[in-house]
Each structure stands twice: as structure tokens, then as C-alpha cells.
Amino acid sequence: MRRILWCLAMVPAAALAADTPADREISLTIYNKGIALIEHVRQISAPAGRQRIEFAGVSAQIAPETVSFIAPSVELIEQNFDYDLLTPAKLMEKAVGSKVRLIRVNPATGAETAEVAEVLSTVGGTVLRIGTRIEVLREDSLPARVIFDKVPDNLRAQPTLSVLVNASKPVNETARLTYLSRGLDWNADYVAVFDEAKGESSMQGWITLQNQSGTTFVNARAQLVAGDVNLVNGEEGYWEYQRQRRNANQRAVGVESTARAQLGDYYLYPIKQLTTIANNQTKQVSFLDAAGVKTSKGYEVTFHGFESRDQPESAEVRMRFANSTAAGLGEQLPSGVVRVYVRDARGQPQFVGEDHIGHTSAGSELALKIGDAFDVSVLPTLVATRPVNRRSYEYDMSYLLRNARSTPVVVTLRQDGLWRQNEVLKESVKGRRTDADSFAWDITVPANGASSLTVTLRNSW
Amino acid sequence: VNPRLPLLLLLAALGPARAAAPIEVISPRADSVSVTIYRDLFALVTETRTVDLPDGPVKLSFDGVVETLLPASAVVADTGRVLDEANFDYEQLTPGSLFRRSVGREILLTRTMRGSGKVVQVPATIVSATDDGVVIRTRDGNEALHCSGIPEQVTFEKIPDELQQRPRLSVLLARGAAGRRTVRVSYLAHGFAWKSDYVGRLTRPNRMDLQGWLTLRNLTNTSFAGAQVQVVAGRLNLLDVEDRGTSVIGAIGSYQSEQGLNDVRAEALEEIREEQAEAEEDYDGYPQLLSGCYPMGPHDLRRSYEMQTITTGIQGFGGGDGDELSEIMVTGMRASMAVKESLADYQLYRLPWPTDLQARQTKQALFLDKRAVKVERFYSWSLDALDYQAIDDLESPLLKLGLENRKSSGLGEPLPEGVLRLFEPGAMGELFSGEDTLYDTAVNEDVELTLAGAVDLSLDIRIDSDSARKEKDGNNVTLANAEIMIANAKGVPVTVEIRQTLHRYIANAQVVRANHRTLRKHGDYAWRLRVPANTADTLTFRLRWEEIVED
């Protein structure tokens, strides 16, 4: 069986070891579920007949069952994926029954004596037959080199895919190899610099690509696919899917279309130029850069029951914006993490918090949780509980809202976790029902001051 | 003539548009650096770097960024050009990675005969390098490295490009005007922490001097010279690193209590320190070579390596004790305090002078120094009516320290969370009288800390109650008579607060009668008694309430 030599295309010397064959073209389509579709285009030249073609440099995390090999004039007989790594112990093990050369070195003189030996066993030590003698390798601890004439085909320095083919005539043509691989993933990361005084933020979106596949892809054409591909890989796939779907920060769903290329239910983010994606590399590519996005800040506090506290509850700080064209950001946003920055007194952006967003269609409204306000808090007090009957109670609540900031703030206070029937009997500030079991009040708290809200609620079932 | 040129042209014709190779510009270090440390074990590092950019496409590399950099957070600004991509691929140069990345490369193998000292040098190629050993090819054939018993030294021609001595972040920039630019590189990095600690000294029974200290820690291997350092106080929303967030201690939103979060932070910090100490211990003087051989005689690899070490006279690098590496530096003085500014909805404290923040260093700075803060030292005990059957207990109340965070009380400053330790003058010098966690406290909020259990002060609590089923609605109506004797065996007068807890399971609560004035405190009923030295006083009250039994 002969081996086919790849026609070596030139690659940047830096990236590859000397004998790794190169791709003429390589395309990666990376899904944000830790999976990628990889296509290698290589030139093959081979004589006629049955032979083996090796594809070194494929992803070490290849899913062999997804491999497809297409070359017009060759017939595929079988394909193998060898990941038996070449180590000294494996080399010796595979040499059982065959001959090696043993070079003994005289430690005093350095004089070498060469002998041919047959390897008999490698279990618990290496047993050799030298001529008619049987010996254990280096039992005397004296130096002895073992020379192997050849490395078995299926022992590799790296995992290698090989196909057994039959060519009816000599070939010199382009072959395509495609497969799915794990170990490649991407996510969107957003950087928002929020200017509270102007009520706007600048927003940058980055695609962060991670290559843990064990392989470096040189000068690849890459595109990234945003969407929820369902993968049958046990429970993890399902929960991952659920997790990405959950999107608690989205306050209104958008219905705007954008110019972004689509493929079925997925959005495509192509990387403009050819890119080298090294193993263990994290690469970021910009896909969104918007300034002057209308953004506001809000404070929210939610209480789930009726109780007094000794320590006040800090208000949640939320950053509200829409990814609509009107608000200055007409782009759908693939699932990812938004990191928010605010400039300090010296004008330097400082990190103030982060939140997750799901795949968000354009025109949606988002309210990201940034953190808890140091200076805005609410202290609840249960003033009185009165039973109306055994299924109905009245609660007098008083809330003290404090603001230690130098500007007035509006706090949205929510009382939820109510029973089936509930009503507000008295309130010091006009509130609103937010859903079947919650009410909300918007309370203005003056700068360096406090406000209070008193509410009487009837709760029944 | 470049022999590769025709092939290059061919490829250019075949493949998709291939950009001209960018020119690499390396920025070896930052001109200035700012480190903002957060409580949740990370920091924002902002560097300014001056670079000379040629007009063509540029690969701009920033050397010496912090090794724990979170790549997704990296931002490179002020380049004046379109940024095509950013890359972070730090693979540290180690003996093992050097072998692994040199597969397929030529090396020079030097063999030294033990007895004669005769040296043989042969060129070889590394065929395979895995955790289980190295296979090389010499002119004789394939051999395993370090298995023959002959001392073998491998000499590499160059360090593979993938390996770097220092972590490096690089960006590809589109073409633009040539010239000098000052760019800003910022990123989040793990391995930093800060906390605050308070020292209170009672100067008079109701006055305390209060100092607040920032303790900053750099647990990374990166040192910052002349850095601008600040810390951020407040609770940021952070996601777990597993979900591509920043927090190594899980999503911050998942913590119900501040105390729970504190404990986890402290544990995580301790873990990092332990890991570092272990990593240092693991290094036992042998370089971490990829080692493994086929089975052979009575020699094990480590021993044969040891023999080589002895013959060649190379000794292990005697590593120091982990603790020696950390240094504690206290920089606080009355004159130089961290300066506070408000940042979004948090507090930011800035060290007003540039400082050297060394690798594995702990640094302290003063951020609060207040004299004669008005405090109240009192004793407190809470009663829950639901426990009332017939009580006859002897209890000792808790020592509390109350303070109002107001200008009028001599304070009125944001107080970031930390442990307050109280000291008071005693006959034999200063006494430690207890500590408690002070949570984030805004101006005008009140603080109450629990310092200790009381000594020489006891409560004799007697309560008897009658329950009667209320006819109409069926709730239990209870009338309780409480008699609480407070015995003060101390030589000083004390204030004692008795709280009657009220909550949603207690309806229509009413103090029918009491021998001291009844107050309301956070929804509870409360009584305060001033008990003179070496005397006893008694609180009596009668409470009526209905217990709610939810169906």
C-alpha cells in the first residue's frame, strides 16, 4: 500500500510543524453550542489503485461519524480515525514479535555494541531475545539504547483521520473533507459605556471565539451562527437550550428586521478576512459598534412577603435600553454577556456590573441588572396584621426609602407573592397593579433624603 | 529571489482575498497602569501604552498583561484604526510545552558518557511528545528520549512561536496613518481582592474613634510599578465564569445573604493561596519534562534522572516557603488617606499616590479616620411571642454597639462592608471587646452590631400566658404576662433593651399594660431600661395577640 503525498501549499512558517499538510482552503462554521462544521479543501495527487490517504491537521475533537470525503475520481472504501498516541511505551508494545536494535554503551569507554533483538513481552518489563539468549532490558541498569526502525502507522503524534480509497486512474484533483467537531465555541460579549448625565451609552459587540479543539486552523474562512441548534447530547443539551431561551431581562419583544444575513432560524456573522485560529486561543471580532444609544437607569426593589427588617434592602440598579433603530441600535443581539462601564471622576471607564442577555430580536426592550445601589435602599416595616376572617388578612406596611445620592431618584417598589384575591385598601402614593399577585409604586426620593410609602393591603384566598 | 513567491501568487489567485501580512509591533510594557480592585476576587486593569504604528496593517502585541486576564473583557481603544480582531493565546513556556510544541522540529541531542565524559552530538527530530514520554528520530532510527540510561541533553534551536515567556494580548489593526499613538488597553483579571476592616476605640462611654482600613491583595504573579490603585465598594451583579461571566465564586445574584457571600469570598481567597502554595511545593527541583519510558530493568526514571543531575552538577532551584513571597506593607498614615468618590451607584476609593503593587502582595491603606463618633453601647434581648407557653429562664443579653451614620453623630460617611473590632480602655491597658460584620451602610443609615454576650448582667424572664379560642373566626387569642428582672452586677450603669418581636403570624398585637414606656422599633415593641450599677430592675408588661394559623 502506498501513501499519497499531499501537495504542500505554502503556509506561514510560524503556524505549522514541518510535515503537517496544509489546506488549500479551510472553512469553519461555528455554532454557539460548542460545535463547528469544518470543511478542508486539499489537493490530492495519487497513482491508480487502492491506497490510504491521511488527513493530519484535522480537529482533534472530530466526530468521526460525521465525516464526509468527496473526491470525484476516487472511491471510498473505509475511513479510520486513529488517536493512539505515539509514546515510548506504545512503541515498545507494538514492537512485540518484531525486531529492534539494541545498542549497548560501555559507560567507561563509550564504546558501542549493536545487536538485533526480538521483543517478546512488555508486561512488567521488556523481555528480549538476543540470538539465543533471553534477557530483560537494562536489568543491569547500564546504558542501552533501543532503536526502532519504523513507527507503526497507527501511532501518531496527533490524532489523524485516514481514508482507504480506490482510484481507477491516477488522480490530481481537489478533495473536500467535512465533519462536525467539538471544542470550538463562540459567544457574544458586549461592552456598554453608560453616560448617565447624557442618558445614552456606547455599545460594542464582540464575538469571542474559543478554540479548545486541540488543532490550529490556519487562514480559515470562518462564520458564526447565532441561534439555538438542538443537539442530542444528553441532558446537557436540553438544559443549555432552556438556559439560553430564558431571558428575564427582556421587557418587551422586538419585531424589527435587520440586514443581517439569515439562514433558516439562524443569524450569520461572517468574519471578513481569512483568520488563523490557534489552539487554545481566544479571538475577538467586532460585530457591533453603536454610539448614542438612548439609555436610562432605574431602581427597583421587590418584596415577596410582609415582614419587618432591621437592615434595609438595597435597590437593584437596572440599565434600560432598546435595540431598536429609533433608539440608535437597530441590531438583533446574539446571546451573551453585557459588561457595563461608567466613567469615573477622571474620565476613565470603570466596570460596574454585568448581565446576560438571550438571543434578542431587534426592537426589544431590555432592563439589565447592574448591581445593588450602595446609596438607595428601602426599609420595610410590618406595622400591623389584622385578620378579617380565617381566609383573609389585612396588612399595614410602611416602607422607608432612603437616598444618600446628591440627585433625586425614582424607585419602583414592588410587593409581590400575594394570594389569589388581593387589593390595596389604602396607599399614600398612587400605585398600580403589575400582575395578578403584585402591585408596584413609583416613589421619588429627594437627594440626600428619604420618602415613605404606607400601604394597607387585603390578602385572601 | 524568494523561491516561495510563485506559489504565493498561485495561492493568491486560488483562495479568497488574502490580506497583506500585517507588520508586527510589540509593546513590551505599559507606560502607566491603573488597577481597580473589586471585592469579588478580580480587578479591572487599564494600561496606557505608546506605540509607533506603520501605515500598513499591523499586528499590535501587548506583552506583560496579567496572566489571569479574562479575554472576553479585553478592550483596546484609541488606536485610531479599525480593529479587525483581538487574540489572547497565552501558552506559557515550560519544559513540557517546549517539547510538545517542537514536534516535527529538529533538535540537537548531546549524549555524555558517564565514565569517560565523552560527548556525542547527534541531530534528531522530535516525532512525538506527550505526557507519557518523548519519541525522537536520529540517523539510527526511532528512539525514546531519556530511556537509554545515557545522560541526554536536548538543545532547541528556537522557542516555538506559540509559546511566550509573558502573557500577550494582540490585536490586528487595519491600515491607517503612520505615527505615534497612545493606546488604552483594559481588561478584567482574576486574582485580586480587597476588604475593609474597622478599628473602633472607645474614648468615652459614648464616643469612639473609628478608623477604616482597606486591605488590598494582589494574588497574581504580575507586579505593577507606580500604579494608580482604587477599589470599588458595593454589590455588582456578576455572573458565574462558567456562564461566561466574571465571578469565580458563582453568580452574585444567587447569594441570599451577605454573610454567605462573605464566607465564600474568604474561602475562595484561601483556596487561591493554598493552590499557590501547593504549586510551589510540587516543584521539587526537577523540571517538568514529559517523561515516560517503556518497561525496563530495576531503574526508575526519577532515579536515573537524579544520577544525571548529580553527575552534571545541576542542583534544584531551592524554592522558598510560599509565605516568604508575600509581603505585607502598611502604607496608612493620617496624612495620606484613600480618597472617596462616587462611581455610578457604588463608592470608589482611590489611593491618591501612585503605588507599587507587587506580585503576591498585601497592602493596606487608611480610608476613614473619624474622632469622637457618637455611639451607644447597650444590651439587648429579643422575645418571640410564639415561644410563649410558660417560660422561666435565666438569660444573659447581648452587648450591642449602635451608631447613627450621620454628620451630627460625627460620622456621615459611606461605610463599605467589613469587620468592626471594638477596643476599650481597661485598667491594664486596651481591651478587645468584640467584633461584628458591618454591612454596606449608606449615609444616614443606622448600624447595630452585636459584639459579645454580657457578663455580670442577667435576665430572669418569667412569662405565663392563657390562650382562648376566639369564638367568631377561630384564631387563638393569647394574653401573656411577662416579668423580666434585670440584675446588673457591674460597677457601671447599663442600658438594656427588651424587644418583643412581631411578625406576620401575630395579628392584632397590643401592649395592654407596661411598667415602662413602650416604643416601636422596626415593627417590634421595645422597652429601654437604664439600670444603675449593682442594682436590679424589673420590666412587666401584658401583651394580647392572636396567632394566625394559615389553612
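**Figure 1. A disulfide joins B:Cys147 to B:Cys293 in this predicted model.** The two sulfur atoms are placed 1.8 Å apart, S to S. A search of the whole structure, over all chains, finds 1 disulfide. The torsion about the S-S bond of B:Cys147 and B:Cys293 is about -100 degrees, so the disulfide is left-handed. The pair links distant parts of the chain, the two cysteines being 146 residues apart. B:Cys147 belongs to the loop between strand E11 (141-144) and strand E12 (152-156) of chain B. B:Cys293, for its part, lies in the loop between helix H3 (258-282) and helix H4 (301-312) of chain B. With a relative accessible area of 0%, B:Cys147 is buried, because buried means under 20%.

**Figure 2. Chain B and chain A bury about 9,600 Å² between them.** The size of an interface is often given as the accessible area lost when the parts come together. Of the area buried here between chain B and chain A, carbon and sulfur atoms give 52%. B:Arg244, B:Tyr294 and B:Asp345 supply 8% of the area that chain B buries against chain A, more than any other three residues. In terms of contact, 115 residues of chain B meet 115 residues of chain A.

**Figure 3. A salt bridge connects the side chains of A:Asp189 and B:Arg244 across the two chains.** The N to O distance in this salt bridge is 3.3 Å. The count of salt bridges between chain B and chain A is 9. Polar contact between chain B and chain A involves 50 residue pairs, with both residues at pLDDT 80 or more. Strand E6 (residues 83-88) of chain B provides the largest share of the side of chain B that touches chain A, namely 6 residues. By class, that side of chain B is made up of 48 nonpolar, 35 polar and 32 charged residues.

**Figure 4. B:Ala533 occupies the loop between strand E35 (524-531) and strand E36 (535-547) of chain B.** The relative accessibility of B:Ala533 is 26%, and the residue therefore counts as partly exposed; this class lies between the limits of 20% and 50%. Setting aside residues up to four places away in sequence, B:Ala533 touches B:Asn488, B:Lys490, B:Gly491, B:Val492 and B:Pro493. B:Pro493 stands 40 residues from B:Ala533 along the chain, yet the C-alpha atoms of these two residues are separated by 4.4 Å.

Technical notes: Residues are numbered from 1 along each chain as its sequence is written. Chains are lettered from A and ligands numbered from 1 in the order in which they are written. This is a predicted model: local features need pLDDT of at least 70, side-chain atom pairs count only at pLDDT 80 or more; totals for chains, interfaces and linings use all residues. Side-chain values use heavy atoms; hydrogens and water are left out. A disulfide is a pair of cysteine sulfur atoms within 2.5 Å. Helices (H or I, at least four residues) and strands (E, at least two) are DSSP runs, numbered from the N terminus. Buried means under 20% relative accessible area, exposed over 50%, partly exposed in between (1.4 Å probe, protein chains only). Contact means heavy atoms within 4.5 Å. Buried area is the accessible area (1.4 Å probe) that two parts lose on being put together, summed over both. A salt bridge is a side-chain nitrogen of Lys or Arg within 4 Å of a carboxyl oxygen of Asp or Glu. A polar contact is a pair of N or O atoms within 3.5 Å; within protein, one must be able to donate a hydrogen and the other to accept it, and residues adjacent in sequence count only if both atoms are side-chain atoms. Ala, Val, Leu, Ile, Met, Phe, Trp, Tyr, Cys and Pro count as nonpolar, Asp, Glu, Lys and Arg as charged, and the others, Gly among them, as polar.
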